[in-house]
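I opened this structure to look through it and keep short notes. The entries below follow the order in which I looked things up.

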Amino acid sequence: MKLTVWTYEGPPHVGAMRVATGMKGLHYVLHAPQGDTYADLLFTMIERRDHRPPVTYTTFQARDLGSDTAGLFKTSCQDAYDRFQPEAIIVGASCTAELIQDDPGGLAETMGLPIPVIPLELPSYQRKENFGADETFFQIVRHLAKPMDKTERVTCNILGPTALGFRHRDDIQEITNLLYELGVEVNVTAPMTATPSDIAKMGQAHFNVLLYPETGEQAARYCERTFGQPYTKIVPIGTGATHDFIAEIRELTGSTAELDTDRLRQTWWSRSVDSTYLTGKRVFIFGDGTHVKAAARIARDEMGFEVAGMGCYNREYARDIRATAKDYGVEALITDDYLEVEKAIEAQQPEMILGTQMERHIGKRLGIPCAVISAPVHVQDFPARYSPQMGFEGANVIFDTWIHPLVMGLEEHLLHMFRDDFEFHDEAGPSHHGGHAPKPLQEPKAAKLEPVAPANDNVVWLADAEKELKKIPFFVRGKARRNTETYATQKGLAEISLDTLYEAKAHYAR
């Protein structure tokens with residue numbers, strides 16, 4: 001563990017919170033010090049939830065360490081049962097409480113509560129949030145799911161969606177509707193929306209649909225071994241992947257039902273005049289493994305972009321992402337350090353970033369448009385409207401999400417080009433108001449030219465050249481920067497001046 005301003009994943013007990021908060025009738029008793037009680041902030045503020053997360057903390061303080069913290073945990077556990085009357089309880093320790101080794105699972109077992117109590121062993125100093133969610137859901141399924149006769153009609157379970165997941169709520173609805181059109185009913189969706197009683201009925205489905213491998217793969221593998229339920233391997237994000245997913249469902253079920261694809265507009269829009277001028281733009285993709293793989297396929301095969309770089313922060317999917325990156329002719333970046341990601345993006349100078357909330361901030365600093373494709377995300381990525389990532393409607397949403405930053409970036413560039421115009425300069429009033437009289441332009445103060453930080457280890461951009469570079473449209477600015485740096489290096493120049501920029505432009509124009 002290390003101190004950092006941002007982090008892609010929290011400790012594993014946050015993953016357990018995501019499972020508990022997504023479910024109903026389940027309560028999480030967390031052995032934790034006073035400073036670890038931030039679940040309300042995560043779920044009620046960021047995810048805009050209408051109720052508090054079902055988590056009870058022991059909230060021990062420094063003075064309690066010299067007394068009986070184990071007794072404090074047992075009291076908290078009994079209070080949680082008496083107050084909330086859950087169908088089941090999961091118990092565990094936060095990363096800080098893990099150090100005092102009170103064994104919450106063993107303590108809860110001795111209490112004799114009349115409901116299932118599921119202990120969680122989450123190694124806080126070796127694993128992280130996605131593992132915590134995956135392991136928690138697996139333990140819940142292992143303790144509660146029972147072998148049952150299969151339903152008469154073909155049914156499936158949807159596995160993986162959790163609270164605080166990226167568009168999980170809307171993905172559930174989109175895929176449920178798609179399965180219904182194929183003649184497949186959903187038996188249980190879990191962990192999100194499920195109760196412990198629902199988990200007990202998972203064994204009666206014929207197969208499982210695994211939407212999010214990061215948070216549901218262990219449970220899917222367990223069900224395959226224990227209940228003979230195969231699970232889907234294709235995540236339906238993007239038009240091509242959705243069609244492949246449908247083919248996989250047809251193979252599992254024998255369905256021949258016709259689907260209505262009239263609502264799929266992404267394929268036509270991607271070929272329209274309005275978007276063809278964006279074809280060939282270089283994108284850098286970073287996030288969790290599942291969304292990065294899906295985004296790379298959409299970017300290259302459906303939007304006509306060039307994948308300039310990719311990577312993921314969850315090391316459990318490092319091998320998969322490295323293999324995918326090789327297919328795209330790039331080297332995968334596997335790291336959970338946002339500073340390394342920023343350095344890689346700055347080196348590549350892509351025209352667009354597809355990433356997380358962190359990459360959105362990186363893009364603002366570097367002046368590169370960014371669309372969010374993966375958790376971790378901010379409150380703005382939990383919209384009130386229906387906005388899935390999966391299925392045909394998800395493909396439409398993704399098209400809008402990716403194209404708009406590029407279009408708005410172009411608009412900002414045009415405004416910048418005309419900023420000295422009498423109508424568009426910074427001091428001008430709103431031109432659409434009647435009787436508008438533009439304010440007189442003032443001569444700008446001469447800026448002191450200072451060398452800027454090097455974008456290349458071999459050269460330094462002087463401020464006048466850097467200022468001129470920013471006048472170049474964002475979608476070719478990266479190429480202009482790289483060409484100029486290459487030219488300067490070949491000429492043995494240590495600094496790039498305004499003259500060097502124009503000389504490089506003339507050189508590459510020949």
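**Entry 1: helix H15.** I started with helix H15, residues 357-366, which is mostly covered, with seven of its ten residues buried. The model I am reading is predicted. I listed the buried residues of H15 as Gln357, Met358, Glu359, Arg360, Ile362, Gly363 and Leu366. I then looked for what they pack against, and found strand E8 (282-287), H14, strand E11 (352-355) and E12.

Next I checked the ends of H15. At the N-terminal end I found Thr356 as the cap, with a side-chain oxygen 3.1 Å from the backbone nitrogen of Met358. Just after H15, I noted Gly367 with a positive phi of about 75 degrees.

**Entry 2: Thr335.** I looked up Thr335 and placed it in the loop between strand E10 (332-334) and helix H14 (338-348). Is Thr335 buried or exposed? Its relative accessibility is 1%, so I put it down as buried, the cut-off being under 20%. I found a polar contact of 3.3 Å between the side chains of Thr335 and Glu340. Leaving aside neighbours within four places in sequence, I wrote down the contacts of Thr335 as Phe286, Cys312, Tyr313, Arg315, Glu340 and Val341.

**Entry 3: helices H1 and H2.** I turned to helix H1 (residues 12-22) and helix H2 (residues 39-46). Their axes come within 11 Å and cross at roughly 50 degrees. I therefore recorded H1 and H2 as oblique to each other. The crossing in which H1 passes H2 is right-handed. Which residues make the contact? From H1 I noted Val14, Met17, Arg18 and Thr21, and from H2 Ala39, Leu42 and Phe43.

**Entry 4: cis peptide bonds.** I looked at Ala190 and Pro191 and found a cis peptide bond joining them, with omega about 0 degrees. I placed Pro191 in the loop between strand E6 (185-190) and helix H7 (196-200). I also looked at Ala375 and Pro376, where a cis peptide bond has an omega of about 5 degrees. Pro376 sits in the loop between strand E12 (370-372) and helix H16 (391-417).

Entry 5: I noted Gln85, a residue other than glycine, with a positive phi near 50 degrees. Gln85 belongs to the loop between helix H3 (69-84) and strand E3 (88-93). With a relative accessibility of 49%, Gln85 counts as partly exposed.

I then checked Arg167, also a residue other than glycine, and read a positive phi near 60 degrees. I found Arg167 in the loop between strand E5 (155-159) and helix H6 (168-181).

**Entry 6: confidence.** Last, I looked up the pLDDT. The protein chain averages 85, and 85% of the residues score at least 70. Over residues 446-453 I found a pLDDT below 50. Beyond near neighbours in sequence, that stretch has eleven contacts in the model. Where pLDDT is low, the predicted coordinates should not be read in detail. I therefore left those contacts without further notes.

Key
Residues are numbered from 1 along each chain as its sequence is written. This is a predicted model: local features need pLDDT of at least 70, side-chain atom pairs count only at pLDDT 80 or more; totals for chains, interfaces and linings use all residues. Side-chain values use heavy atoms; hydrogens and water are left out. Helices (H or I, at least four residues) and strands (E, at least two) are DSSP runs, numbered from the N terminus. Buried means under 20% relative accessible area, exposed over 50%, partly exposed in between (1.4 Å probe, protein chains only). A polar contact is a pair of N or O atoms within 3.5 Å; within protein, one must be able to donate a hydrogen and the other to accept it, and residues adjacent in sequence count only if both atoms are side-chain atoms. Contact means heavy atoms within 4.5 Å. pLDDT is the predictor's confidence in each residue, from 0 to 100. Axes are lines fitted to C-alpha atoms, for helices over the stretch in contact, and angles run from 0 to 180 degrees between N-to-C directions. Angles under 35 degrees count as roughly parallel, over 145 as roughly antiparallel, 65 to 115 as roughly perpendicular and the rest as oblique. A crossing is left-handed if the near helix is turned anticlockwise from the far one by less than a right angle, and right-handed if clockwise.
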